[in-house]
Amino acid sequence: VFLEQKLSTLVQHEEELLRGTKALEESMETSQQSKKHLQTELQRLQDEMAVTRTTVTDLRRGLAETQSEKLELTEERDFLNAKVAALEAEEQKAQNVRATAITDL
């Protein structure tokens with residue numbers, strides 16, 4: 001009877017160990033699947049980050065070009081405004097000379 005109880009206890013312990021082992025194996029499989037999923041997600045995020053970096057770089061380059069063009073246009077506008085002012089001054093002088101010449105006649 002004692003040996004039968006001992007055997008029964010050992011069989012129960014073995015069954016518990018088998019259930020525990022099976023649960024651990026399932027947990028490990030789930031963990032491996034989760035790891036694969038996380039690795040895939042990490043790769044997707046890294047790819048997306050690379051695309052975003054490229055976009056930011058392109059936008060910065062475009063902004064720099066736009067600012068450069070704006071500066072060139074501002075300089076050209078200032079030059080043309082100065083030229084217009086000089087021509088208007090010359091026109092005013094010519095009108096004054098003409099008015100003086102007409103008065104002198």
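Me: What makes Glu41, Arg44 and Glu48 a network?

Reply: In this predicted model, salt bridges link Glu41, Arg44 and Glu48 together.

Me: How do you know that Arg44 and Glu41 form a salt bridge?

Reply: Look at the gap between the side chains: 2.6 Å from N to O. The rule asks for a side-chain nitrogen of Lys or Arg within 4 Å of a carboxyl oxygen of Asp or Glu, so a pair like this counts. In general, side chains of opposite charge can pair when their charged atoms come close.

Me: Why is Arg44 called partly exposed?

Reply: Its relative accessibility is 41%, and the label covers what falls between under 20% for buried and over 50% for exposed. Glu41 gets the partly exposed label too, at 29%.

Me: What makes Asp58 and Arg61 a salt bridge?

Reply: Their closest N and O atoms are 3.1 Å apart, and the cut-off is within 4 Å, so the pair passes. Asp58 and Arg61 are both in helix H1, three residues apart, or about one turn. As for cover, Asp58 is partly exposed with 42% relative accessible area, and Arg61 is partly exposed at 47%.

Me: How do you know that Arg77 and Asp78 meet in a salt bridge?

Reply: Here the N to O distance is 3.1 Å, and within 4 Å is what the rule wants, so this one is in as well. Arg77 is partly exposed at 47%, and Asp78 is partly exposed at 42%.

Me: How many salt bridges does the rule give?

Reply: The count comes to five.

Me: What makes up the negative surface patch?

Reply: Glu65, Glu69, Glu72, Glu75 and Glu76 form it. Patch members need over 30% relative accessible area and no salt bridge, and like charges are joined within 9 Å. Take Glu65, which is in helix H1: its relative accessible area is 46%, so it clears the area cut-off while counting as partly exposed.

Me: How many positive and negative side chains are there in the protein?

Reply: There are 14 positive and 21 negative ones, and the centres of the two sets lie 2 Å apart.

Me: Why is the protein called more spread out than a compact globule?

Reply: Start with the fold: one helix and zero strands. The radius of gyration is 44 Å, while the globule rule gives 13 Å for 105 residues; 44 Å is well over that, so the protein is more spread out than a compact globule. Its C-alpha atoms fill a box of roughly 150 × 15 × 10 Å along the principal axes.

Me: What share of the residues counts as buried?

Reply: That would be 0% of the 105 residues. Buried means under 20% relative accessible area. The accessible surface comes to about 10000 Å², and 59% of it belongs to carbon and sulfur atoms.

Terms used:
Residues are numbered from 1 along each chain as its sequence is written. This is a predicted model: local features need pLDDT of at least 70, side-chain atom pairs count only at pLDDT 80 or more; totals for chains, interfaces and linings use all residues. Side-chain values use heavy atoms; hydrogens and water are left out. Patches are made of residues with over 30% relative accessible area and no salt bridge: like charges are joined within 9 Å, nonpolar side chains (Val, Leu, Ile, Met, Phe, Trp, Tyr) within 5 Å. Accessible areas come from the Shrake-Rupley method with a 1.4 Å probe; for residues, only the protein chains shown count as cover. Lys and Arg count as positive and Asp and Glu as negative; His and the chain ends are not counted. The place of a charge is taken as NZ of Lys, CZ of Arg, CG of Asp or CD of Glu. Helices (H or I, at least four residues) and strands (E, at least two) are DSSP runs, numbered from the N terminus. Buried means under 20% relative accessible area, exposed over 50%, partly exposed in between (1.4 Å probe, protein chains only). The radius of gyration is taken over C-alpha atoms; the globule rule is 2.2 Å times the number of residues to the power 0.38.
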